[in-house]
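Hi,

Here is the structure I promised to pass on. Have a look through it first, and then read my notes below.

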Amino acid sequence: MREEPVSQALSRRTLLAKVIQGLGVTLALSQVIPRAQAEEGDVSRSEADRLIVLVARPLDAETPVQEFASYLTPNSRFFVRSHFGPPPAELLSELNWRLRVGGLVDRPLTFSLKELKQFQEVTLTAVVQCSGNGRASHRPKTPGVQWDRGAVGNARWTGIRLRDVLTKAGLQTTSRHVQFQGADRPVAVTVPLFVRSIPVEKALHPDTILAYQMNGRPLPLLHGAPVRVITPGWMADSCIKWLTDITVSRDEAQGYYMQTAYRYPTRPVMPGEAIAASDLKPVEAMIVKSLIAQPQDGASLVPGPVTVQGVAWTGEGKVVKVELSVDAGRTWEPARFIGEDQPYAWRQWQYIWQATGSGPRTILCRATDAQGDTQPESSSWNPSGFLWNGWDRISVTVKA
Ligand SMILES: Nc1nc2c(c(=O)[nH]1)N[C@H]1C(S)=C(S)[C@@H](COP(=O)(O)O)O[C@H]1N2
Ligand SMILES: [Mo]
């Protein structure tokens, strides 16, 4: 259960938005990213493009949820998360960038971008979401970037199958995990590298790709140029950006970012409780979740029909139902799906709400997937504040 009444939760979000604005933290991206680093040829990344910046350097910035009224999240509005910031652009140039494949393979290989593009090209639409999206809603608070709702986006990814690369290298029978490393490096040598791994089954899945395009454009620098991993249905911490090294191994990647970070308890835990390492497993698939994109939180509305619109998604499965409540969760009404229906992408939905009377109103939404999982009122607490999927809620005021 949430430890504070709905009204307080709402005012907290409104307050947060005000504080962010008040501090001038909602900066145009061009103010925090030197122009030279902005994506080459991406005319859309201009003064007008705004993300909500939570950490300026290295950049952690979320998408304002009203952007989710569209099916695809534009590259320039897609949330940005990186532990160390992008590597120097010259390392990623056509001339310098290489992808090395080694470890438990018969033939270690090295590819230029051009060589990589010789494999069959595939395009798929997939949600990419940070495991910490919604962390700000966990009570008690958990450490880490206090993401609200927008550390997620839906994009069309074009690339080649990881499976094809691994098959060419020849997987040895002892292969169990595939480790990834990008070209980004921590500032201090004492900080561990961002090395992650996925089980070989996910690596060989035909939909796991090495993407070099995002929404039909070359992958922007901030999103992992020239090549990143896309593990559809899984949390974004497996989607390694600026990929340079693939190492096939018997074991999970060693080191902090796989063995300590991005782990989730396999049983309910209490805040402050000690958790044995054996009770923590890597975060993998996404869980069912939905967001209200319109109207905006805090909006003033006139009585009459109001189009409530948003998105809903889940892990490797399918969303089958989205419901809304305007009476604090006592009764729920189904929303109607609109737009495209594709695996791994989010589903858009709409609901026409008849706003009556005057005064504050709370609109709640929750989704259910084909496994029968429904979003809870609030998510289980866990030490890193991962996988928040509590009911989404906005507050509006009806003014006659
Ligand atoms: N090389 C590298 N890849 C990375 C990261 C990183 O710090 N370095 N962060 C991961 C995390 S935690 C997230 S949420 C996503 C964010 O992807 P985006 O910035 O394209 O939205 O990238 C992932 N891939
Ligand atoms: Mo993340």
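**Around the ligand**

In this predicted model, 18 residues surround ligand 1, and the closest are Phe79, Asp184, His223, Arg228 and Lys241. A residue is near a molecule if one of its heavy atoms lies within 4 Å of it. By class, that shell holds 11 nonpolar, three polar and four charged residues; Asp, Glu, Lys and Arg count as charged, Ala, Val, Leu, Ile, Met, Phe, Trp, Tyr, Cys and Pro as nonpolar, and the others, Gly among them, as polar.

Now for some atom pairs (a polar contact is a pair of N or O atoms within 3.5 Å). Lysine 241 has a polar side-chain atom 2.5 Å from an oxygen atom of ligand 1, and histidine 83 has one 2.7 Å from an oxygen atom of the ligand. At cysteine 239, a polar backbone atom is 3.0 Å from a nitrogen atom of ligand 1. How much of ligand 1 does the protein cover? On its own the ligand has 540 Å² of accessible area (Shrake-Rupley method, 1.4 Å probe), and the protein covers 100% of that.

**Cysteines**

A search of the whole structure finds zero disulfides (pairs of cysteine sulfur atoms within 2.5 Å). Cysteine 130 is buried at 9% relative accessible area, and cysteine 365, at 0%, is buried too; buried means under 20% (1.4 Å probe, protein chains only).

**Reading the numbers**

Residues are numbered from 1 along each chain as its sequence is written, and ligands are numbered from 1 in the order in which they are written. Local features need pLDDT of at least 70, side-chain atom pairs count only at pLDDT 80 or more, and side-chain values use heavy atoms, leaving out hydrogens and water.

Cheers

Methods:
Polar contact = N/O pair within 3.5 Å; in protein donor to acceptor, adjacent residues only side chain to side chain. Buried < 20%, exposed > 50% of the residue type's maximum accessible area, 1.4 Å probe, protein only.
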